[in-house]
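Take a look at the protein shown here. This report goes through its pockets, its nonpolar cores and its paired strands.

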Amino acid sequence: MITGGASGIGLSCASAVAKAGGNVLVSASRKPEKTQQAIAHLKAINSAIDVKAFPCEVGQEASVSAFFAAIAQAGIQIDHVIHSAGISPNTEFFDQTQAEWDQVQNTNATGSFLVTKYAALAMKNNPVRGDFRGKILLVTSTNGINSWDPVSAHYDASKAANNLFVRVAAEKLSEDQICINGLAPGWINTDLNATLPPDVREKESAKIWMKRWAEPDEMAHCALHLLTMPYLMGQVVMADGGYR
Ligand SMILES: NC(=O)c1ccc[n+]([C@@H]2O[C@H](COP(=O)([O-])OP(=O)(O)OC[C@H]3O[C@@H](n4cnc5c(N)ncnc54)[C@H](OP(=O)(O)O)[C@@H]3O)[C@@H](O)[C@H]2O)c1
């Protein structure tokens, strides 16, 4: 199951799962045509798999709860979760309002908590395979570790919350044999960065040792790697091409 699976890193993760032969369930985009395009794209990659999309507003508990209830009602067992849904409005520091700050925390920080909580409640009923009943990967951000961009202060704070949350949740979820880790991407070519001011883009690009941004399918590669790695628990792994 992949939140934000109809675009960017989430869609690339869904495509990689489809290529590998896994059934895919995504949280629907709020834009219906985007969801339909994503479903068609995934079916074109592998017509033998099951592809489904259910609505989920990740920052609202009633919506997340209904999303997982619909999954259970459809008789679907969730083995792996990639939580990729998130927002990043780039706004000058002193123009960031409480409303925008709250929206970012709600989507990114609260959304990660809610998706983790309900995914883990669903996974508790799974049979144990190997060490775990299920695995969760949160897509966090290097911005939650080392950011120098005041335009994303609210985003960076929300992603720092994600990174600490992975650690805390891992201890609790281990009681039920559920695994959680985080993937912290650096700069990736997706729509998320459409509002990044050109001067910030230039300044940030100059700091990357690999001298380029990553493509979303490279993050999908990392995500599937982390989800299938043994003995990894409660870690946030940075994939930023080297960054100073
Ligand atoms: N791109 C980067 O450079 C970068 C770097 C580090 C971390 N990340 C993280 O990677 C994740 C994916 O971002 P992306 O780059 O792939 O951006 P993206 O293409 O804009 O995808 C974001 C996805 O999140 C969904 N979403 C946003 N708010 C939501 C909400 N309230 N409820 C449900 N879904 C919601 C969007 O759905 P709609 O279609 O409905 O809008 C969209 O599918 C995010 O968590 C982001 O913080 C990205």
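## Pockets, cores and strands

By class, 13 nonpolar, 5 polar and 3 charged residues line the second largest pocket. The elements that give two or more residues to this lining are β2 (24–27), β3 (51–54), β4 (80–83) and α7 (216–228). Keep in mind that the model is predicted.

Which residues lie nearest the centre of the second largest pocket? They are Met1, Val17, Gly22, Asn23 and His80.

Now turn to the largest pocket. Its lining divides into 17 nonpolar, 23 polar and 8 charged residues. Ser84, Ala85, Gly86, Ile87 and Leu192 lie nearest its centre. Three helices each supply at least two lining residues: α1 (8–19), α4 (98–123) and α5 (153–174). Of these, α1 gives the most, with 3 residues.

| Pocket | Volume | Lining |
|---|---|---|
| Largest pocket | about 1,000 Å³ | 48 residues |
| Second largest pocket | about 510 Å³ | 21 residues |

Next come the cores. In soluble globular proteins, nonpolar side chains tend to be buried together. Here the largest nonpolar core has 28 residues. The residues with the most contacts inside this core are Ile2, Cys13, Val24, Leu42, Ile82, Leu183 and Met219. Five elements each supply at least two of its residues: α1, β2, α2 (32–45), β5 (134–139) and α7. The largest share of this core comes from α1, with 7 residues.

A second core is separate and has 26 residues. Leu25, Ala119, Ile178 and Ile180 are among them.

Last, the strands. Strand β1 (residues 2–3) pairs with β4 in the parallel sense, over 2 bridges. Thr3 stands opposite His83 of β4. β4 also pairs with β5, again in the parallel sense, and here there are 4 bridges. Which residue in β5 is the bridge partner of Ile82? That partner is Leu137.

Conventions. Residues numbered from 1 in each chain as written. Predicted model: local features only at pLDDT ≥ 70, side-chain atom pairs only at ≥ 80, totals over all residues. Heavy atoms only, no water. 1 Å grid on protein atoms, 1.4 Å probe; cavity = no way out; pocket = protein on both sides within 12 Å on 5 of 7 lines; lining within 4 Å. Points joined across faces, edges and corners; volume = space filled by probe spheres on them. Nonpolar A, V, L, I, M, F, W, Y, C, P; charged D, E, K, R; others polar. Core = buried A, V, L, I, M, F, W, Y, C linked by side-chain atoms within 4.5 Å. Buried < 20%, exposed > 50% of the residue type's maximum accessible area, 1.4 Å probe, protein only. Pairing = 2+ DSSP bridges.
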